[in-house]
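Please read it with the structure open.

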Amino acid sequence: MGSVDSNSGVASNSNGAPKRLTPAQQQLLALRLQRERTQRGSGVITARRQTVGPVSYSQEALLFLDRLIGPSALYNSPFCFRLRGELDVPALNRSLQALVERHAGLRTRFAEVDGVFSQVLEAVPPLPLRTAALEVSAGLSPEQALQHQLSQIACTPFDLARGPLYRFELIRLGPCDHALALVIHHVISDGWSRGVLVRDLGELYAAAVESRDSSLTRIDIDSIDFAHWQREQLQGEKLDALTSYWRGALAGAEPLSLPVDRARPAQPTHRGAVHTFAVPADLVAALKRIALANDATLFIVFLA
C-alpha cells in the first residue's frame, strides 16, 4: 500500500520511500481530482470585476418584498455610536469615504428589467457624512431629543433603485460629545457584515487621524461575484435534489400557532419592541448541549 500527494504528484510506498508517478498516472490523478471538485461544487469565488450582475437569492427575496410593500423602513438596519472626547470630524469623513470605497456593497443599487433584478455597482460614492446639531423641542430632555432625532434618521426609507442604501449622520451634542448614526439597508448588509464595517471604520479613522495608510488588506471579491457563484452552485440536479429534500421534510407541516396574549391583526403593523433579559449560565450550558445533540445552533434552540 502507499499514498499520493495530489499537490506534488508524488506517491510513497508503504516504507515511505517516494515513488514518482508516470505522466499517464499524473494525468489520471488530475482528471480524478477535477471530477471530484466538479461533483462537490467549487468553493472558489472568482473576481469578475463587473459593475452589473445578478443578485443573490436572499437579495432577490428582499427586493420582491420591497416591490410588494412599497417604500418602507422595515428592513433598515440602524446602529449608533456615542463618541465622547475630541473628535476629528474631517478625519471621520475621510474614513467613511474610504469605507464606502472599500466595500462595494455600500456602492450598490438595484435595477429591474422585465421582472429580473440586477446589482449595479457605482464607481464613485457620494460624500457619506451629514452633520447636524441636536434639536431639543420643548418638554424633551436632551437624551429624549437625541432618541427622537435618531429614530427619524433610522426610519426614513431608502430607494433601492437609486441609492445610496446607507445613511451616515453625525449629531453634535456638545464640543466633545457626538452621536454617529449609521443606517444601512438589509439588502446590502447583515449582522455579520456590520461587525466587519465597524472594525474597518475604526482602523480607517485611526489611519486618517495619524496620516498613515490603513493596515486593511484589499478586498477582491464583491457581492456580484458571490451572486454568480451562488447561482452556479444552486442549479440543475443539485438544486432539484435540495428542493425535493425540503419539500419532503416540510410535507404535512401545519402553520405555527403560538399562544400569544392578543390576536394578530389582519395586516401587519410592524410596531414591535425589544425586551432584554439575561439567561443564567447553567441554563445556557444546558441549551448548548441540546443544540449539539441535535446538530443545531444555539439560535435555533432559543427560537424553538
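Predicted model: local features only at pLDDT ≥ 70, side-chain atom pairs only at ≥ 80, totals over all residues.

The points below take pockets, cavities, aromatic contacts and cysteines in turn.

1. Residues are numbered from 1 along each chain as its sequence is written.

2. Largest pocket, size and centre. The volume of the largest pocket is about 940 Å³. Its lining is made up of 35 residues. Ala104, Gly105, Ile221, Asp222 and Ser223 are the ones that lie nearest the centre of this pocket.

3. Largest pocket, contributing elements. Two or more residues of the lining come from each of α2 (57–69), β7 (116–121), α5 (191–209) and α6 (223–233). Of the elements, α5 gives the most to the lining of the largest pocket, namely 4 residues.

4. Largest pocket, composition. How do the residues of the lining of the largest pocket divide into nonpolar, polar and charged? The lining has 14 nonpolar, 12 polar and 9 charged residues.

5. Second largest pocket. The second largest pocket holds about 300 Å³ of space. Its lining consists of Leu256, Ser257, Leu258, Val260, Arg262, Ala263, Arg264, Pro265 and Pro268. By class, 6 of the lining residues are nonpolar, 1 is polar and 2 are charged.

6. Cavities, count. The search gives 2 cavities of 30 Å³ or more. Both are described in the next two points.

7. Largest cavity. About 70 Å³ of space lies in the largest cavity. The residues that line the largest cavity are Leu62, Leu65, Asp66, Ile69, Gly70, Ser72, Ala73, Leu74, Tyr75 and His185. With 4 residues, α2 has the largest share of this lining. The helix α2 is also among the elements that give two or more residues to the lining of the largest pocket. By class, the lining of the largest cavity has 6 nonpolar, 3 polar and 1 charged.

8. Second largest cavity. The volume here is about 40 Å³. Lining the second largest cavity are Phe79, Leu99, Phe168, Leu182, Ile184, Leu197, Val198 and Leu201. Two or more of these residues come from β10 (177–185) and likewise from α5. The most come from α5, which gives 3 residues to the lining of the second largest cavity. Which classes are found in this lining: nonpolar, polar or charged? It has 8 nonpolar residues, no polar and no charged.

9. Aromatic pairs, Phe79 and Phe81. Over the whole structure, 4 aromatic pairs are found. In one of them, the ring centres of Phe79 and Phe81 are 5.9 Å apart and the planes stand at 80°, so the pair is edge-to-face. Phe79 has a relative accessibility of 13% and counts as buried, whereas Phe81, at 26%, counts as partly exposed. Phe79 also belongs to the lining of the second largest cavity.

10. Aromatic pairs, Tyr245 and Trp246. The rings of Tyr245 and Trp246 have centres 5.0 Å apart, with planes at 80°, so this pair is edge-to-face. Tyr245 is exposed, at a relative accessible area of 52%, and Trp246 counts as partly exposed, at 48%. Why do these two residues fall in separate classes? Exposed means over 50% relative accessible area, so Tyr245 at 52% is exposed, while Trp246 at 48% counts as partly exposed.

11. Charges over rings. Arg167 has its charged end over the ring of Phe158, 4.2 Å from the ring centre. The charged end of Arg231 sits over the ring of Tyr57, and here too the distance from the ring centre is 4.2 Å.

12. Cysteines. How many disulfides does the rule give? The count comes to 0 disulfides. Cys155 is in no disulfide, and the nearest cysteine sulfur, that of Cys80, is 13 Å away. For Cys176, the closest cysteine sulfur is again in Cys80, at 17 Å, which is too far for a bond. A disulfide needs two cysteine sulfur atoms within 2.5 Å. Cys155 is partly exposed, with a relative accessible area of 49%, and Cys176 is partly exposed as well, at 44%.

Notes: Heavy atoms only, no water. 1 Å grid on protein atoms, 1.4 Å probe; cavity = no way out; pocket = protein on both sides within 12 Å on 5 of 7 lines; lining within 4 Å. Points joined across faces, edges and corners; volume = space filled by probe spheres on them. Nonpolar A, V, L, I, M, F, W, Y, C, P; charged D, E, K, R; others polar. Phe/Tyr/Trp six-rings, centres within 6.5 Å; stacked < 30°, edge-to-face > 60°. Buried < 20%, exposed > 50% of the residue type's maximum accessible area, 1.4 Å probe, protein only. Lys NZ or Arg CZ within 6 Å of the ring centre and 35° of its normal.
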